[in-house]
Amino acid sequence: MKILADENIPQAKEAFSKFGEIILSHGREITNELLKDIDILIVRSITTVNEKLLHNTPVKFVGTATIGTDHIDKEYLTSKNIFFADAAGCNSFSVAEYVITGIAKIFSETNKSFAGKKIGIVGYGNIGTKVSKFAKALGFETVINDPPLERQKVNENFRSLEEALNCDVVTFHVPLNKSGIDKTYHLLNEENIHLVKSGSLLLNTSRGPVVKNDVIKKRLKEQNDINVVLDVWENEPKIDLELLDLVDIGTAHIAGYSLEGKLNGTFYVYKKLCEFLEINSDWTPDYPEINDRTIELDSSKMLEEIMFEISNKIYDISSDSVQLKKLADENIANPDKYFDQLRKNYKIRREFNNYTIRTNGHNQNLQRILKELRFNVI
């Protein structure tokens, strides 16, 4: 049996070599010709899997080590009896923590308080629910928009997209649907951008085309009255460098790139391949030890200052933004390759639950908040 996997899937060789010969390839270089004798294909979101890629190949299992599936033609796979596995939920904590880190940074820089603010959460799946829980812990009022769940009469007080866009913070956590009743392509566009109020913070960590990039660029160029954090972009890796220069924080589609998030993706697909082949699973991801797991905290500070201090020690989101913004500031010969290299060579980032916060007081409310954000507290 021959397996071809994206070379940027962490510990792919360790996980999948037990099934047979494993070949690693860059995700953008996986072609039909490469798959002529491949039985198992493991990809990430940058590889489009469709009839053009799989025609006349022996591939019988396709796995994506990602939560999104808009790069997969699932109807074609079904028509050809090709088993499909995704890694839904694998990096949901990673993305939620990225969002909280971005909010903490922008709020600390603009001297805003969490208390009394509303956060519009568009999409209430694996990530949106976690963002909601974290935001509530920090004191935000949540405004949830998710029409598919609303139709299922899920026990949640759903609100309109218009209400969500009119909040102090707006964050998108939807799949990319290009058509249909739940179309999310250009969900934020020229017709509703005016609903995003002046002084608010807009974040997109879902898929680039969910937010029409030209509309955001126009708003920033003409009014410059909102803060913007973008991790995803239209036409990746050929991103709009003018827009990149205008946003507060711009990163290379790495919100879900905590080590836990990436290794969960590998492990989820590995488990499903074991089930498909009816083989016992005996591999588990290898997590390196963390130095300096304990963070000393002055609990007399304001919550916003505390959250920025903690999150910045764990994950300096600014450094990721500075690295990507070099595209706009410097004459880089191959911008597309640079974008991909930032993802391929991404530093190790660990999730909140790996860290212990030592407070120097008895602020029980602060301790409760930190625990709800998955920190250990002593």
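Modeller: A residue counts as buried under 20% relative accessible area, as exposed over 50%, and as partly exposed in between, with a 1.4 Å probe and protein chains only. This is a predicted model, in which local features need pLDDT of at least 70, side-chain atom pairs count only at pLDDT 80 or more, and totals for chains, interfaces and linings use all residues. Residues are numbered from 1 along each chain as its sequence is written, and side-chain values use heavy atoms, with hydrogens and water left out.

Colleague: How many residues of strand β6 are buried?

Modeller: Strands (E, at least two residues) and helices (H or I, at least four) are DSSP runs numbered from the N terminus. In β6 (residues 118-122), four of the five residues are buried, so the strand is largely enclosed by the rest of the structure.

Colleague: Which strand does β6 pair with, and in what sense?

Modeller: Two strands pair if DSSP finds at least two bridges between them. β6 pairs with β7 (residues 141-145) in the parallel sense over five bridges, and Ile119 stands opposite Thr142 in β7.

Colleague: In what order do the strands of the open sheet with β13 run?

Modeller: The order is β12-β13-β14, with parallel pairing. β12 (294-297) and β14 (376-377) stand at the edges with a single partner strand each, so one side of each is left without a neighbour in the sheet. Strand β13 (residues 356-359) pairs with β14 over two bridges, where Ile357 stands opposite Val377.
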